[in-house]
Each structure stands twice: as C-alpha cells, then as structure tokens.
Amino acid sequence: MLYIGVDLGTSAVKLLLMDESGKVLNIVSKEYPISFPKPGWSEQNPCDWWEQTVAGLIELTKDFDRSAVAGISFGGQMHGLVVLDENDNVIRPAILWNDGRTQKETDYLNNVIGKEKLSELTGNIAFAGFTAPKILWLKANEPENFARIKKLMLPKDYIAYRMTGVFSTDYSDASGMLLLDVKNKCWSKEMLDICDVREEWLPGLYESSEKTGTLKADVACELGFPKDCIVAAGAGDNAAAAIGTGTVGAGKCNLSLGTSGTLFITSDEFRVDSHNALHSFDHADGGCMLSAASCNNWWMKDILHSDDFVNEQKPLEEDGRLGENHVYFLPYLMGERSPHNDPSARAAFIGMSMDTDRADMLQAVFEGVAYGLRDSLEVAKSLGVAPKSTTICGGGAKSVLWRKIVANVMNMQVDTVEVEEGPAYGGAILAAVANGCFENVEAAAAAIVRKKDTTMPSPQLVEKYEKGYAKFKQFYPALKGKY
C-alpha cells in the first residue's frame with residue numbers, strides 16, 4: 001500500500017509518496033503565487049492550492065500503481081482564513097498566517113476582552129496572525145463578504161474538503177485559531193460570541209490520525225485513485241513536521257527553519273506561561289518567529305541577487321569566525337510573534353562599520369534567526385521545560401553551518417533525520433496510521449523515523465554566543481518605540 005503526505009506551504013505544495021515501511025518513493029513540489037496587496041498584507045487564492053495539489057498528485061504517482069494508494073493526509077500552513085459561501089465558492093482570497101493587518105483587532109481582543117480572559121477560554125492570547133482577529137477584521141472592513149460566510153476553515157482543510165466533501169479540521173491546527181478551548185478540546189462558545197461566529201460555520205474536530213472520509217467519486221476518477229482511499233485529518237505544519245522527525249511523546253523538541261521558525265516541544269500536560277509568549281496548542285507548547293529561512297532567502301535573492309547559497313556561506317566556515325561577529329540582525333521582516341507579539345516590529349542590522357562585508361551580514365542573518373529561536377527557548381525554560389536535544393527540519397536545516405550556529409546559540413544537541421521532508425512525511429505517516437498500518441503515531445515514528453547526523457555544541461562557542469545573546473536581547477526593547 002502507498003501513502004501520500006501533502007504539505008500545503010506558503011510558497012508551494014510539496015507532495016510525498018511513501019510505502020508502508022516508510023520508504024520515500026517520490027517527492028513533487030508545485031509552486032503558486034502569493035500576493036501582498038498592501039504593506040504587511042499577505043494573501044493567496046485557495047483555488048490555486050487545489051489546482052496545484054491535484055496536478056502534483058497526478059505527477060507524483062504517474063510511475064506507480066495508483067490503485068495501491070490507500071491514504072492521504074496533510075501538514076499545512078496554519079491560521080489562514082478561508083471563507084466559503086452557501087455554494088462552497090471561495091468568497092475572498094485567504095488571509096495568511098504572516099499577514100499583519102489585524103493590529104486593531106488584536107489589540108481589542110488582548111486589551112478589551114483581556115489577555116487573562118482569552119487565556120482562560122483558549123489557552124492563548126491574540127496574535128496578529130491568528131484566525132480570530134482576521135474574522136473581526138473581515139467583519140469590520142468587508143461586511144458584505146462577512147455576511148456571505150457559510151463555512152470558515154483553515155488552508156489544509158480546504159484541500160481536504162475538496163477531496164472528501166467532509167468539513168473537518170484537527171485539534172493541532174484548530175488550536176491556532178483562537179476559537180478552540182484547547183484544554184477541553186471543543187469550540188469555545190464564548191469566543192464564538194465575541195467574534196460573531198456561528199458554530200455551524202466551523203468544521204468538525206478530529207484527531208490528526210483519524211479518518212475523516214474517503215475520496216469523492218469525481219476526485220478519485222480524476223486522480224486515478226481508489227474510491228475507498230481514506231483521507232485523515234492531518235495537522236498544522238509544525239505538528240506534522242514533529243511527527244515526520246519523530247518528535248512524538250512527551251518532552252521532545254523539534255526546531256523548524258522553514259519560511260517561519262518554530263520551537264516545538266511536545267507535552268502531555270496543558271499549560272500556559274504567565275505572559276503567553278508561547279503558544280499552547282493541542283499536544284504541544286512552542287514559539288513561532290515569523291521569518292526564519294525566509295530571512296536568508298530575502299538577503300540572498302532580494303539584496304545580493306544571488307542563488308549561490310553554498311558559496312556565499314564558505315567564508316563563514318573559516319576557523320574563528322563563529323561567535324566573533326560584530327554585526328547583529330533582528331529577524332523581524334514580517335513583524336514578530338513569539339515572544340514579542342508585535343506585528344509592527346521590523347528587521348534591522350546593527351553594529352556595521354567600514355570593515356563590514358557581505359559575509360559578516362550573512363552570518364548576522366543566521367545568528368539573528370538562532371537568537372530569535374533562543375527567545376522562545378528561554379520562555380520554555382521559565383516553565384521548567386529545558387530540552388537538551390532537538391531534531392531540526394526545514395530548508396534552513398540543510399545548512400551544516402546554520403545547524404552548528406543553532407546548536408551553540410541554543411546549547412542543545414541538534415539531530416537531523418534521514419527523511420528531511422518533515423510536514424509531508426508527517427502527513428504520510430498520519431495517513432498510514434489512519435489506515436491501520438501502525439497502532440498509533442508513536443509506534444509509526446519509532447518504526448520508520450531514523451536519525452542521520454548530530455551536531456553537538458562546543459563549550460567555547462556556547463560561551464561566546466551567551467555573550468552575543470545578551471546583547472541581542474537589548475536591541476528589540478531599545479528599538480520598539482521607533483517602529
């Protein structure tokens with residue numbers, strides 16, 4: 001039997017084909033556009049997601065026995081607002097996770113409704129990227145579109161709905177909407193009232209590895225897959241990545257260096273930090289920075305106009321460079337979420353002098369992202385959670401140098417795994433579990449996820465980066481009033 005994981009990302013959908021032993025047979029990626037209608041806005045057309053997913057599935061399986069495809073599941077970009085009308089037509093472009101237009105609505109939720117109340121109801125406070133502030137923005141700014149809403153869903157769940165006709169989501173993704181009572185795993189009726197959302201607009205709630213349905217007849221025919229091919233609920237991208245890296249079971253950690261950066265710590269207990277600097281999502285706590293590997297992509301492509309990522313890093317590999325940089329970078333290209341919750345924050349280079357060169361600035365980008373992740377780790381430590389090791393995934397994790405910087409800034413052992421396609425691999429694993437191939441997610445991860453490389457921190461570099469981080473922490477407060 002064959003299983004497919006669909007990673008619905010911000011720039012592309014990545015599709016992975018896996019057999020029941022966990023062997024990856026094929027990977028296909030299909031890009032789609034993203035639009036920025038105004039500064040700080042970020043939107044996509046959900047129909048583009050569907051068209052590229054279908055095209056990708058056909059390409060992914062063209063050299064394989066499609067009748068053997070037994071299950072499909074997902075990892076997906078979180079928090080995006082997708083709204084459908086009574087005919088299941090998309091009402092407007094999806095407002096994405098990294099969209100910063102909702103400052104007014106976020107302030108209303110945090111300051112008028114109150115952070116303490118929000119935390120009591122949902123386990124989280126309002127962040128500009130979360131779904132609930134987007135709903136309030138839509139109501140205030142596009143009332144004619146708000147009035148047409150009959151279904152309200154998250155990005156990956158739009159794809160699942162098109163596949164099955166079943167209106168569903170999973171607990172991990174729903175946790176980031178600010179509408180879910182995370183502790184009790186149900187929609188918060190009080191939050192629905194606050195946001196003027198009817199419960200019938202919202203999908204049914206499922207565990208990530210739970211079957212939600214099978215392919216609709218027309219979809220199965222178009223893809224050439226069996227009609228009884230199951231579809232499992234899936235997970236938010238970072239939860240799916242955690243599964244794909246074996247980060248399951250309490251007390252484990254995964255770092256994602258994708259478009260955004262995430263510190264993801266698994267937990268059996270529901271807990272909330274006193275300042276809500278971290279997110280409390282189902283089965284996990286963690287912090288998310290809005291720009292991680294995207295900072296490197298911006299620096300390389302938009303500023304240097306280069307795609308030679310490997311050669312640009314070579315000067316940084318010289319002995320004695322790490323921990324000695326006099327240039328710092330604040331990685332807030334799209335504002336920041338954890339721990340600052342400030343959509344107005346902006347990136348900055350600090351400490352440049354006449355002898356600063358492009359290598360210094362690239363190094364500052366790598367180190368600034370690592371320091372940003374360290375911010376979330378410090379909050380986790382304040383809760384008594386101090387992991388000594390972590391897996392790492394995402395495009396940035398392919399850089400040996402960046403992994404070394406992360407290991408020493410975080411003072412943690414950093415492990416890579418054989419299959420580096422975290423969310424897509426996690427989605428395929430969820431599909432296999434849903435079809436009964438494994439007893440549960442833990443058993444599946446234990447059976448098929450294997451470590452590849454380990455990067456250990458160096459005491460000398462850890463000491464240097466402790467001093468660097470102490471300086472880094474001072475820059476955001478100093479600049480906050482200037483944005």
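User: Which classes of residue make up the lining of the second largest cavity?

Analyst: This is a predicted model, and the lining of its second largest cavity divides into four nonpolar residues, two polar and one charged. The lining residues are I392, C393, G394, A397, T416, V417 and E420. You can see where the single charged place goes: Glu counts as charged, and E420 is in the list.

User: How many cavities of 30 Å³ or more does a search of the whole structure find?

Analyst: The search finds two. The largest cavity holds about 80 Å³ of space. It has 14 lining residues, and A128, G129, L290, E336 and P343 are the closest to its centre. By class, this lining has six nonpolar, four polar and four charged residues.

User: Let's turn to salt bridges. What is the general idea, and how many does the count come to here?

Analyst: Side chains of opposite charge can pair when their charged atoms come close. In this model the count comes to 22 salt bridges. One of them joins the side chains of R92 and E142, at 2.7 Å from N to O. R92 lies in the loop between β6 (82–84) and β7 (94–95), and E142 in the loop between α3 (131–141) and α4 (143–146), so this pair ties together parts that are 50 residues apart in sequence.

User: Are R92 and E142 buried or exposed?

Analyst: The cut-off for buried is under 20% relative accessible area. R92 has 9% relative accessibility, so R92 counts as buried. E142 has 13%, so E142 counts as buried too.

User: Which residues are linked with R92 and E142 in a network of salt bridges?

Analyst: The network links E43, R92, D99, R101 and E142. Within it, the side chains of D99 and R101 meet at 2.9 Å, N to O. D99 is buried, with a relative accessible area of 2%, and R101 is buried at 10%.

User: Where do the partners lie in the salt bridge between E324 and K464?

Analyst: The side chains of E324 and K464 meet at 2.8 Å, N to O. E324 is in the loop between α11 (309–313) and β20 (328–330), while K464 is in helix α16 (residues 459–479); the pair links distant parts of the chain, 140 residues apart. As for cover, E324 counts as partly exposed at 47% relative accessibility, and K464 is partly exposed at 31%.

User: What does β2 form with β1?

Analyst: They form a hairpin with three residues between them. Strand β1 (residues 2–8) and β2 pair in the antiparallel sense over seven bridges, and V13 in β2 is the bridge partner of L8. Strand β2 (residues 12–19) is mostly covered, with seven of its eight residues buried.

Methods:
Residues are numbered from 1 along each chain as its sequence is written. This is a predicted model: local features need pLDDT of at least 70, side-chain atom pairs count only at pLDDT 80 or more; totals for chains, interfaces and linings use all residues. Side-chain values use heavy atoms; hydrogens and water are left out. On a 1 Å grid over the protein atoms alone, a cavity is a set of points where a 1.4 Å probe fits but cannot get out, and a pocket is an open set with protein on both sides within 12 Å along at least five of seven lines; lining residues have an atom within 4 Å of a point. Grid points are joined across faces, edges and corners, and a volume is the space filled by probe spheres set on the points. A salt bridge is a side-chain nitrogen of Lys or Arg within 4 Å of a carboxyl oxygen of Asp or Glu. Helices (H or I, at least four residues) and strands (E, at least two) are DSSP runs, numbered from the N terminus. Buried means under 20% relative accessible area, exposed over 50%, partly exposed in between (1.4 Å probe, protein chains only). Two strands pair if DSSP finds at least two bridges between them.
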